[in-house]
Amino acid sequence: MSIEIANESGIDVDADNIVAVARHALVQMGVNPLAELSVLLVDSDYMAELNHRWMDKDGPTDVLAFPMDEDTIDHGPSESSGGQPSLLGDIVLCPEVAAAQALRYGSADPRMRTGDSVPDAPAPGLHGDYSTADELSMLTIHGVLHLLGYDHAEPEEEREMFALQGKLLDSWQARAAGGASGS
């Protein structure tokens, strides 16, 4: 898989980790190994401009995904691309917004972001070990899922996408923890 990353945000981030989590999500989703993905990290001003231009929303957002034409989306091993690389699209991340969200929500759990009550969950802002890097990992997975055609506009779509996002994030964290301990 070819994953290109460019950090134009002015904030120091672990680009290797972002590439690794994107690769993990793509592999877990069965995406063709010839697939190509681009990740761009931008500052909040540029993200606000993109959010306004493409989503007609004001202010910066955390992640935007720009899939290639529907006909070029590689949906996995059941679809052959004839051995040609498949261009998935671009994920745009804003580390500044990710840092603020990591502090505000303290969790990748989407229920923490809607005001729903989560039993035994920390209060917002009491995030323990939840970091900007953790938030960027979750947002990278979120962006990959959007490129693969997942959405959360409708309640059923949201349940499906966020469940898959949680599963991919859990498997990434387990893999990362195993690697950190030498396992």
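Predicted model: local features only at pLDDT ≥ 70, side-chain atom pairs only at ≥ 80, totals over all residues.
Local features need pLDDT of at least 70 and side-chain atom pairs count only at pLDDT 80 or more, while totals for chains, interfaces and linings use all residues. Residues are numbered from 1 along each chain as its sequence is written, and side-chain values use heavy atoms, leaving out hydrogens and water.

**View 1. The aromatic pair of tryptophan 54 and phenylalanine 66.** A search of the whole structure finds 1 aromatic pair (ring centres within 6.5 Å, using the six-membered ring of Trp). Tryptophan 54 and phenylalanine 66 lie 5.8 Å apart, centre to centre, with 70° between the planes, which is edge-to-face (planes over 60 degrees apart; under 30 is stacked and the rest tilted). Tryptophan 54 belongs to helix 2 (residues 44-55) and phenylalanine 66 to strand 3 (residues 63-67), 12 residues apart; helices (H or I, at least four residues) and strands (E, at least two) are DSSP runs, numbered from the N terminus.

View 2. Leucine 145 counts as buried because its relative accessibility is 0% (buried is under 20% relative accessible area, exposed over 50%, partly exposed in between; 1.4 Å probe, protein chains only). Not counting residues up to four places away in sequence, leucine 145 touches Met29, Tyr150, Met161, Leu164, Gln165 and Leu168 (heavy atoms within 4.5 Å). Leucine 26 is 119 residues from leucine 145 in sequence and 8.7 Å from it in space, C-alpha to C-alpha.

**View 3. The contact of helix 1 (residues 15-28) with helix 4.** The axes, lines fitted to C-alpha atoms over the stretch in contact, come within 9 Å and cross at roughly 40°. Residues making the contact include Val21 and Leu26 of helix 1 and Leu136 and Val144 of helix 4.

Key
Axes fitted to C-alpha atoms, helices over the stretch in contact; angles between N-to-C directions.
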